[in-house]
Amino acid sequence: MNKDRISHSQVTPPIAEQKPHILELHGDRRIDNYFWMRDIDNPKVGEYLEAENAYTSAMMQHTEELQSKLYDEMLSRIKETDLSVPYHKDNYYYYSRTEAGKAYRIYCRKKENLDAPEEILLDENELAAGHDFFELGTFAISPNHQILAYSYDTSGSEQYTLLFLDLNTYQLYPEQIAETSYSFCWFNDNKTCLYTKIDEANRPYQLYKHTLGTPPEKDELIYHEPDNAYALAVGKTRSQAYILMTLQSSITTEFHYLDANNPDDKFQIIYPRESGIEYDVDHHSDYFYIVTNEEATNFKLVRTPIAAPSRENWQTVIPHREDVLLSGVSLFDNYLVIYERKDGLKTARVRNLSTGSENSIIFPEPTYQFSEGSNPEFNTNILRYNYNSLITPPSVFDYDMDTHEQELKKQTEVLGNYDKNQYQSEWLLAKAEDGTQIPISIVYKKGIAKDGKNPLMLTGYGAYGVSYPASFSSSRLSLLDRGVVCAIAHIRGGEEMGRKWYEDGKFLQKKNTFTDFIACAEYLIKEGWTASDRLAITGGSAGGLLMGAVINLRPELFKIVVADVPFVDVVTTILDTSLPLSAMEWEEWGNPNDQVYYEYMKSYSPYDNVEAKDYPHLLITAGLNDSRVKYWEPAKWTAKLRQLKTDNNVLLLKTNMDAGHSGASGRYESLRELAFEYAFILDRLGLV
């Protein structure tokens, strides 16, 4: 350790130049000394980021052996050559597979049965060759299974180029369409499709119709969404009968529908947008089924005739309930699958549409993750779903909706003789400042003592109504096997405990998210799970905002912080409508042009509230091409922390110069990034 301190003392951290920039609103003046970092064309910006990377590399040099060891451990648990469970659609079985030494997936199919010859549709490894980053966007097979529409991004900016591949000749059609978003939909004629274009802020805002083999410049603009608070998406019902166009802000939805057999038809509206009213739509026979929060905080299910879908014709199928969140439904020819959340856990029940009888799918563990799998066929009695938990590897089940029997199709193999019986997961409850019980999912290796001496890694998110999944990670075993307890704080701002859970963690109640997280940390310390000098916390994006807020409030409570692509310059970013995190976010955080919201947001914005005091050890990450949280937010935050903090703890900024919001692409580089973060945590905890 002495050698470690000596080597670190010889490395000088970069000190960013201060250029005061005055930001004034509502009579309030903020001085941003690092506003200049927004100018990517300024050579000094790149120089600063590279200097921080060099400093981070030097400060982590002594952990390189540990990083390599962690990477090797993580990789050794993964079955590198593997394949997904095939799903059936018409006469084909579709699946993807991986090969040892290759970073990306290979997409394949077989015709009529699984013993048929394999047909490779798309090899991501070939597409990624020569690029530092690669991500697949759209992957859509035409209804006749003869054409593949796919898109890809090679910068991490989430701007995709759309192409079309003839699956008979394996020749690309001549057209390539740039600056598209994820969503895409085929009409049933197999030659006409719809795709979305993005604006300068990366917002999907235009819907175009394209005919295969024609120049994209001749594509017809079907819809333009002028309100920059709304994003546009397009998709098709499982019945294949209707195409749905969705216009959605954080709290408001509007759906339009179109006969999938008639490309020349015009979209018809289902229910015009009304502020605060959200809904989702599916189709069955002569009805649209709608999950909505209209006069139903926890959502309800209604159905309405396709011929007259307006509000006055809605018929209640599942009423609103105070104690159960209706999170969605899935329709098949003879079945309605109902997804709900009760007491923090997701459940499912299956209703026979002919008889009205129901059966529930039961899950055995105290905390888990469950989601619907690939179910492209409408006329089937089989429901595929995915299940995993903090100790159970990802598992794919087929549930027979007729007999109620289920079959485990595959459980991801964890190499190295993984035994789930060596580990324990629990569901705990911590009391928040206002008395609210905050759930915590926790996992640890059996045999630990609750004596306050355990290292513990606590993570959280708490925004956008996202429920943090209690999911399996084979990489996490590298922490658990070293005695680290891992926990998830299911704080308000998510939706684990119902819709009100989300609403109580947004707008002018956002601080509940931060105080809930602090309450969870205090509870874990009080109950002997850990101690402040053994506690690491992690969060990314809006979870990075969480990290910044809680260390401003209670820096002494935490030993180590990892903040990935953190959204920390809240007021300045949301005031800038040229950025993705601006007008679309007003319905999540509030509009700072309103003085009430401005003052509230400023009071918790991590960047605005950095003070001259001691902070924990900090590792902050950024992506140069990040379109969601711009690189300058973590960079400015790092610079300001380094300027003001009064401790000698480590502060590192690591910017991926070739990636965006999700970090490195490819499974190997992603593992290296995770090994780096784990090495930082273990090193600062002294577990090396």
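Q: How are helix 3 and helix 13 oriented to each other?

A: The general idea is to compare the directions of the two axes and then to assign a class to the angle. In this predicted model, the axes of helix 3 (residues 64-76) and helix 13 (residues 667-685) approach within 8 Å and cross at roughly 130°. Angles of 65 to 115 degrees count as roughly perpendicular and those over 145 as roughly antiparallel; helix 3 and helix 13 are therefore oblique to each other. Their crossing is right-handed.

Q: Which residues make the contact of helix 3 with helix 13, and how do they divide by class?

A: Once the geometry is known, one lists the residues on each side and then sorts them by class. Helix 3 contributes Leu66, Gln67, Leu70, Tyr71, Met74 and Leu75. From helix 13 come Tyr668, Leu671, Arg672, Leu674, Ala675, Phe676, Tyr678, Ala679 and Leu682. By class, the contact has 13 nonpolar residues, one polar and one charged.

Q: Which residues of helix 7 and helix 8 make the contact?

A: On helix 7 they are Thr513, Phe514, Phe517 and Ile518. On helix 8 they are Leu545, Leu546, Met547, Ala549, Val550 and Leu553. This contact comprises nine nonpolar residues and one polar residue, with no charged residues.

Q: How many disulfides does the structure hold?

A: The question is settled by the distance between cysteine sulfur atoms, for which the cut-off is 2.5 Å. The structure holds zero disulfides. For Cys486, the nearest cysteine sulfur is that of Cys520, 15 Å away. Conversely, the sulfur nearest to that of Cys520 belongs to Cys486, and Cys520 is likewise in no disulfide.

Q: Are Cys486 and Cys520 buried or exposed?

A: Here one reads the relative accessible area, and a value under 20% counts as buried. Cys486 has 5% and is buried. Cys520, at 0%, also counts as buried.

Q: What is the phi value of Asn202, and where does Asn202 lie?

A: Phi of Asn202 is near 70°, which is a positive value in a residue other than glycine. Asn202 sits in the loop between strand 12 (192-198) and strand 13 (204-211). With a relative accessible area of 16%, Asn202 is buried.

Q: What are the phi value and the setting of His404?

A: His404 is not a glycine, yet its phi is positive, at about 70°. The loop that holds His404 runs between strand 29 (395-400) and strand 30 (406-411). His404 has a relative accessible area of 41% and is partly exposed.

Q: Where is Pro226 found, and how far apart are Pro226 and Gln206 in space?

A: Pro226 belongs to the loop between strand 14 (220-224) and strand 15 (231-236). Pro226 is exposed, at 63% relative accessible area. Pro226 and Gln206 are 20 residues apart in sequence, while their C-alpha atoms are 9.0 Å apart in space.

Methods. Residues are numbered from 1 along each chain as its sequence is written. This is a predicted model: local features need pLDDT of at least 70, side-chain atom pairs count only at pLDDT 80 or more; totals for chains, interfaces and linings use all residues. Side-chain values use heavy atoms; hydrogens and water are left out. Axes are lines fitted to C-alpha atoms, for helices over the stretch in contact, and angles run from 0 to 180 degrees between N-to-C directions. Helices (H or I, at least four residues) and strands (E, at least two) are DSSP runs, numbered from the N terminus. Angles under 35 degrees count as roughly parallel, over 145 as roughly antiparallel, 65 to 115 as roughly perpendicular and the rest as oblique. A crossing is left-handed if the near helix is turned anticlockwise from the far one by less than a right angle, and right-handed if clockwise. Contact means heavy atoms within 4.5 Å. Ala, Val, Leu, Ile, Met, Phe, Trp, Tyr, Cys and Pro count as nonpolar, Asp, Glu, Lys and Arg as charged, and the others, Gly among them, as polar. Buried means under 20% relative accessible area, exposed over 50%, partly exposed in between (1.4 Å probe, protein chains only).
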